[in-house]
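Subject: Structure handover

Hello,

I am passing on the structure we talked about, with short notes on what was found in it. Please look at it first and then read on.

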Amino acid sequence: MKFKLLVIFSIIVLGVHFNTSAQDEATLSDQYQNMIESSETFEKYKVIPITKVNAFGDILSDSINSLNQKVTSSQNAKSKAERERDEAKSQMNDLNNKLEEAQNAVDEMPFFGMSMTKVTYNVIMWSIVIILLAGLVIVYIMFLNSFRLTRQAKKDKELVDQEIEDLRKRSHDKQVKIKRELQTALNKLEEYKR
């Protein structure tokens, strides 16, 4: 209920305000026409009393002053809006510059005393990791090859040692056999000599 009354009251006030401003504009032209019509005619000229001219001049002056004040306030509002717009643009540019600096600070990082972007840093780091992994794979392959060669050399050494042992046993057996044969031959020889 209160809201409805408030709305009705607002509509009435706005209607009166617009009607008054329309009357002011209409009043000047109406007053001018009224002043001309109510004046006396002398030959082909209109004779208007000075009081009416002065009253109309005052009304005209007030209307002009009112319009000048409206123009001045509009120009002030416009210049204020332009200043605020310029300040907002300046703040926006400052914020964009700060954002760009912050983005550069976030994107750049020191590496061995040099400032570089994260992309460059990642490329360098991954290159180093890949080179180290390749080196590790090469060292591992060389180790496996060396281990295989060492194992083969041990097997070969064991075979050679076994062959040498077998050869030594065979030669020892031959020597023993030859010594026995020699001893037998010496023994036979001594028996013949006796």
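The notes begin with a charged pair: R85 and D86 form a salt bridge, and their closest N and O atoms are 3.4 Å apart. Please keep in mind that this is a predicted model. A salt bridge is counted here when a side-chain nitrogen of Lys or Arg lies within 4 Å of a carboxyl oxygen of Asp or Glu, so the R85 and D86 pair qualifies at 3.4 Å. R85 is partly exposed, with 45% relative accessibility, and D86 is also partly exposed, at 40%.

By this rule there are three salt bridges. Side chains of opposite charge can pair when their charged atoms come close.

Helix α3

Helix α3 covers residues 118-193. Two further salt bridges are found here, as follows.

- K157 and D161: their side chains form a salt bridge with an N to O distance of 3.0 Å. Both residues belong to helix α3, where they are four residues apart, about one turn of the helix. K157 is exposed, with 52% relative accessibility, whereas D161 is partly exposed at 35%.
- E165 and R168: this salt bridge has an N to O distance of 2.5 Å. About one helical turn separates E165 and R168, because they are three residues apart in helix α3. E165 is partly exposed at 28% relative accessibility, and R168 is partly exposed at 49%.

The nonpolar patch

A nonpolar patch lies on the surface, made up of W126, V129, I130, L133 and L136. Together these residues have about 540 Å² of accessible area. W126 sits in helix α3 and has a relative accessible area of 56%. The cut-off for exposed is over 50%, so W126 counts as exposed.

The annotated stretch

UniProt, in an unreviewed entry, lists residues 123-147 as "transmembrane region". That label comes from the record. In the model, the chain over residues 123-147 is 100% helix and 0% strand.

To go through the notes on screen, you could begin with R85 and D86, which form a salt bridge.

Regards

Conventions: Residues numbered from 1 in each chain as written. Predicted model: local features only at pLDDT ≥ 70, side-chain atom pairs only at ≥ 80, totals over all residues. Heavy atoms only, no water. Patch = residues over 30% accessible without salt bridge, like charges linked within 9 Å, V, L, I, M, F, W, Y side chains within 5 Å. Areas by Shrake-Rupley, 256 points an atom, 1.4 Å probe, with all protein chains shown as cover. Helix = DSSP H or I, 4+ residues; strand = E, 2+ residues; numbered from the N terminus. Buried < 20%, exposed > 50% of the residue type's maximum accessible area, 1.4 Å probe, protein only. UniProt positions renumbered as here; feature names shortened; annotations may be inferred.
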